[in-house]
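Biologist: Can we go through this one together? I'd like to start with the side chains and move on from there.

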Amino acid sequence: MSFIMYLINGISLGSVYAIIALGYTMVYGIAKMLNFAHGDVIMIGSYISFVTFSQMGLGPVPAVVISIVVCTALGMIIERVAYKPLRKAVSPLAVLITAIGVSYLLQNVALLVFGANPVSYVSMIAVPPLKLAGGELTITGITVITIVLCLVIMGVLMVFIKKTKAGQAMLAVSEDKDAAQLMGVNVNGTIALTFAIGSGLAAIAGILLCSAYPTLTPYTGAMPGIKAFTAAVFGGIGSIPGALVGGILLGVIEILGRAYISSQLSDAIVFAVLIIVLLVKPTGILGKPIFEKV
Amino acid sequence: MAMLEVKNIEVYYGVIRAIKGISFEVNQGEVIALIGANGAGKTTTLQTITGMLSPKSGEVLFEGVDITKIPGHKIVGMGMAHVPEGRRVFAQLSVLENLRLGAYTVKEPTQVEKSLERVYTSFPRLAERKNQMAGTLSGGEQQMLAMGRALMSQPRLICMDEPSMGLSPILVDEIFKIITNISSTGTTVLLVEQNAKKALSIADRAYVLETGNIVLEGKASELLNNEDIKKAYLGE
Ligand SMILES: Nc1ncnc2c1ncn2[C@@H]1O[C@H](COP(=O)(O)OP(=O)(O)OP(=O)(O)O)[C@@H](O)[C@H]1O
Ligand SMILES: [Mg+2]
């Protein structure tokens, strides 16, 4: 029974990684850059929902909405101010270093505004636990919500990309910016939209993460950010189903590793598996081979 | 008034002056050929017209409107489509998805369906392969897709950059037949080609580009018999 418990917890943690990984993978797919500040957007989103829900006493719905709106705006501002001017830069390193800089900036702003002391995040998800197998197996409400929400988000996103004009424009931009522009696609607008979606999802991920692991500091976003980035690479960066598969596998490996091998080594195990996967399949589990242009 | 007026444009890549102040015009209903050797500046000229590049000086007027400063993505919606060099189809999308992207600026769904029908009629091969990934099409099929995709926006002027590049002689003939058909339905054509003989045989007028300058212009039929052209471009 405890194995199943660990497995479900792993899937739940992995669902959070998957939602964060979406932000990395979509931005990478479309803007061809690694947005290392993504994890810190999660942290900001968590503080926003903490302040609105626990300190200002707003209801859970407005707290969630405000957090999503702030993160979406923040993502778009970061893109506009820090990354867009570098889009034509000669070296892709310039953007990478800028992203790392933005990451530190967000952490330090949070340090300044919210202080270094951890705050206890109060979960706003009041769903009763699910009792299975005649009460032998108890799954917390937040676990259920996280898994369901992750699947819903994935589904909606895939339909959005496959079926809407904006989604098709995203695919076109990810393959060939110039050709997309010739079709009439506003490339800058499409990249901004991608950042908006990724950052909005980061807010949701932050709330789910802090509800399950309720210690919030200005560095809360860093480790999940790196792990979700790992998950994105694991599943195949640029691939949306890859984010799901990579995220969940990563969560399960982490939780099982912590339970059965060593809690100190669980992170090391996660990254060791990543290295092995990349050695065997450099494009990740669901990564497509890069097409050569004819 | 000409449909397209290019007035004294100069285009730079960094410090390199690729287009050195050229002017030409395309009238409604014409097929205009722009010919020249490798590196003459044909692609640069087309990209400047359709807003992928901006000229350092000079202007481009389309149907009387100055489009020089208009962002590139707005130009196709104004009625000018561009079939880029090297086809540039979206390899990982299906043929149908590529075609629908071609109609990205078309608002009315019924118009999109109408265009789709028309493109399928002109290119039956695309209809057969509508669910195939574009990257798996043959070179000739990709060229047809690139042309069909541009036609999806219902352009009044279509600019094509070396549509015959890399194709077998039979396919080259087919592509030129298609261009003639496009022209006969009332669409104006600006055709960039290295295959000067073929291009001149279907064009009304032509301009010859040499290292960023227009060195010769005239009726296509006259240029076909021009001694310099014969020597330099027709291999006679
Ligand atoms: N991105 C670029 N950066 C720098 N120089 C460029 C660039 N693109 C083209 N050029 C230069 O500008 C000149 C014109 O190039 P362009 O591609 O317009 O020629 P073209 O006539 O289309 O040639 P081709 O028949 O080979 O396609 C060439 O000298 C080329 O080297
Ligand atoms: Mg060219």
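**Rings, strands and a threonine**

Modeller: The charged end of B:Lys56 sits over the ring of B:Tyr12, at 4.6 Å from the ring's centre. Keep in mind that this is a predicted model.

Biologist: And which ring does A:Lys165 lie over?

Modeller: A:Lys165 lies over the face of B:Tyr104, with 5.5 Å to the ring centre.

Biologist: What about rings with rings: how many aromatic pairs are there over all chains?

Modeller: A search of the whole structure gives 8 aromatic pairs. One of them is A:Phe3 with A:Tyr260, a tilted pair with 6.4 Å centre to centre and 40 degrees between the planes.

Biologist: Where in the chain do those two sit?

Modeller: A:Phe3 is in helix α1 (residues 2-31) of chain A, and A:Tyr260 is in helix α10 (residues 240-261) of chain A. They are 257 residues apart, so the pair links distant parts of the chain. Ring pairs also bring in A:Tyr6, giving a cluster of A:Phe3, A:Tyr6 and A:Tyr260.

Biologist: New topic. What is the strand order in the open sheet of chain B?

Modeller: The 6 strands run in the order β6-β7-β8-β3-β9-β10, with mixed pairing. β6 (80-83) and β10 (213-219) of chain B each have a single partner strand, so they stand at the edges and one side of each has no neighbour in the sheet. On average, neighbouring strands are turned by 15 degrees against each other, direction ignored.

Biologist: How do β6(B) and β7 of chain B run, parallel or antiparallel?

Modeller: They run parallel, joined by 4 bridges, and β7 of chain B covers residues 157-161. As for individual residues, B:Val83 has B:Met160 in β7(B) as its bridge partner.

Biologist: Which strands does helix α1 of chain B lie across?

Modeller: Helix α1 (residues 42-49) of chain B lies across β3, β6, β7, β8 and β9 of chain B, at about 150 degrees to β8(B). Helix α7 (residues 169-184) of chain B packs on the sheet as well, touching β3, β7 and β8 of chain B.

Biologist: Last one: is A:Thr143 buried or exposed?

Modeller: A:Thr143 is buried, with a relative accessible area of 6%. This residue is in helix α5 (residues 141-163) of chain A.

Biologist: What does its side chain make a polar contact with?

Modeller: The side chain of A:Thr143 makes that contact with the side chain of A:Thr140, at 2.5 Å. Beyond neighbours within four places in sequence, A:Thr143 is in contact with A:Ile8, A:Asn9 and A:Ser12.

Definitions and conventions:
Residues numbered from 1 in each chain as written. Chains lettered and ligands numbered in written order. Predicted model: local features only at pLDDT ≥ 70, side-chain atom pairs only at ≥ 80, totals over all residues. Heavy atoms only, no water. Phe/Tyr/Trp six-rings, centres within 6.5 Å; stacked < 30°, edge-to-face > 60°. Buried < 20%, exposed > 50% of the residue type's maximum accessible area, 1.4 Å probe, protein only. Lys NZ or Arg CZ within 6 Å of the ring centre and 35° of its normal. Pairing = 2+ DSSP bridges. Axes fitted to C-alpha atoms, helices over the stretch in contact; angles between N-to-C directions. Contact = heavy atoms within 4.5 Å. Polar contact = N/O pair within 3.5 Å; in protein donor to acceptor, adjacent residues only side chain to side chain.
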